[in-house]
Amino acid sequence: MTGLLDRLRAWGGSSPRERVIETLHGRINQAARDPDLYLHLGVPDTLEGRFECLILHVILVLRRLNRLPEPAADVAQDLVNSVFLQLDSSLRESGIGDFGVPKRMKKLGSAFYGRAEGYDVALDTGDTAALTAALARNVLGVDAPEVAAGLARYVLASDAALSQADLDGLIGTGPAFPPPQSFAAPQAEPDGATTRIVP
């Protein structure tokens, strides 16, 4: 934990904690916007698809934070707060009035915590079938689990990579997510060669 405290002291300023969260949140956003998730793993490039992809990556990072010693729990809570502030701001910028925002935020909050519970149980129990079905339904928006096989492999690999990270690494170098395109399913071509495609 010394590395984390040294980093906070070095940054200085009035809100070093806010800088930690801003940096971590930004790196998760970047990972969730990787074009290969949409090009190779079937995530729809829509508002709903981008939302689902964002909260999937947030949930994966929260899983690791919730298993680390203090002050990781505080970082986790601050990250959740930051994500919901971003969602609130995005809703307002889209033209939704003050009356409609709380209702939308309640729905988003329910979706977030529902997804978190479902993904957690599937990952903790090693239930790949349940994970794949949940990803197909929630992220890809289809009732065909087989099409989410590549995304499920990506999530499993991401969870495994994050399980090796400590708090200093998460806020220093950032969460480690593998390249999404490497999990796309290969398809045989007429000459016997294979090429990566959307699963």
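A residue is taken as buried when its relative accessible area is under 20%. By this criterion Phe84, at 15% relative accessibility, counts as buried in the predicted model examined here. Phe112 is likewise assigned to the buried class, because its relative accessible area is 3%.

The aromatic side chains were examined next. The model contains four aromatic pairs. One of them joins Phe84 and Phe112 in an edge-to-face arrangement, with 5.4 Å from centre to centre and 80° between the planes. Since Phe84 belongs to helix H5 and Phe112 to helix H6, this pair ties together parts that lie 28 residues apart in sequence. Phe112 also pairs with Tyr113, again edge-to-face, at 5.1 Å centre to centre and with 90° between the planes. Through these ring pairs Phe84, Phe112 and Tyr113 are linked into a cluster.

Nonpolar side chains tend to be buried together in soluble globular proteins. In the present model, the largest nonpolar core comprises 59 residues, and Leu65, Leu79 and Leu135 have the most contacts inside it. Two or more residues are given to this core by each of helices H2 (16–32), H3 (35–39), H4 (47–65), H5 (72–93), H6 (100–125), H7, H8 (149–162) and H9 (167–172). The greatest contribution is that of H4, which supplies eleven residues. The surroundings of Leu79 were also listed: with residues up to four places away in sequence not counted, Leu79 touches Ile21, Leu24, His25, Ile28, Val58, Val61, Leu62 and Leu65.

The packing of two helices is described by the angle between their axes and the distance between the axes. For H2 and H5, the angle is about 65° and the axes are 10 Å apart. The crossing of H2 past H5 is right-handed. On the H2 side, the contact is made by Arg17, Ile21, Leu24, His25, Ile28 and Asn29. The residues of H5 that take part are Asp74, Val75, Asp78, Leu79, Ser82, Val83 and Gln86.

Within this contact, Asp78 of helix H5 was considered individually. Its relative accessible area is 17%, so Asp78 is classed as buried. Asp78 touches Arg17 and Ile21, apart from residues up to four places away in sequence. The C-alpha atoms of Asp78 and Ile21 are 6.7 Å apart in space, although the two residues are separated by 57 residues in sequence.

A polar atom of the His57 side chain lies 2.8 Å from the backbone oxygen of Cys53. Leaving aside neighbours within four places in sequence, His57 is in contact with Ile28, Ala31, Ala32, Leu37, Tyr154 and Phe177.

Asn138 is placed in helix H7, which spans residues 128–140. The side chain of Asn138 makes a polar contact of 3.3 Å with the side chain of Tyr119.

How values were computed. Residues numbered from 1 in each chain as written. Predicted model: local features only at pLDDT ≥ 70, side-chain atom pairs only at ≥ 80, totals over all residues. Heavy atoms only, no water. Helix = DSSP H or I, 4+ residues; strand = E, 2+ residues; numbered from the N terminus. Polar contact = N/O pair within 3.5 Å; in protein donor to acceptor, adjacent residues only side chain to side chain. Core = buried A, V, L, I, M, F, W, Y, C linked by side-chain atoms within 4.5 Å. Buried < 20%, exposed > 50% of the residue type's maximum accessible area, 1.4 Å probe, protein only. Contact = heavy atoms within 4.5 Å. Phe/Tyr/Trp six-rings, centres within 6.5 Å; stacked < 30°, edge-to-face > 60°. Axes fitted to C-alpha atoms, helices over the stretch in contact; angles between N-to-C directions. Left-handed = near helix turned anticlockwise from the far one by under 90°.
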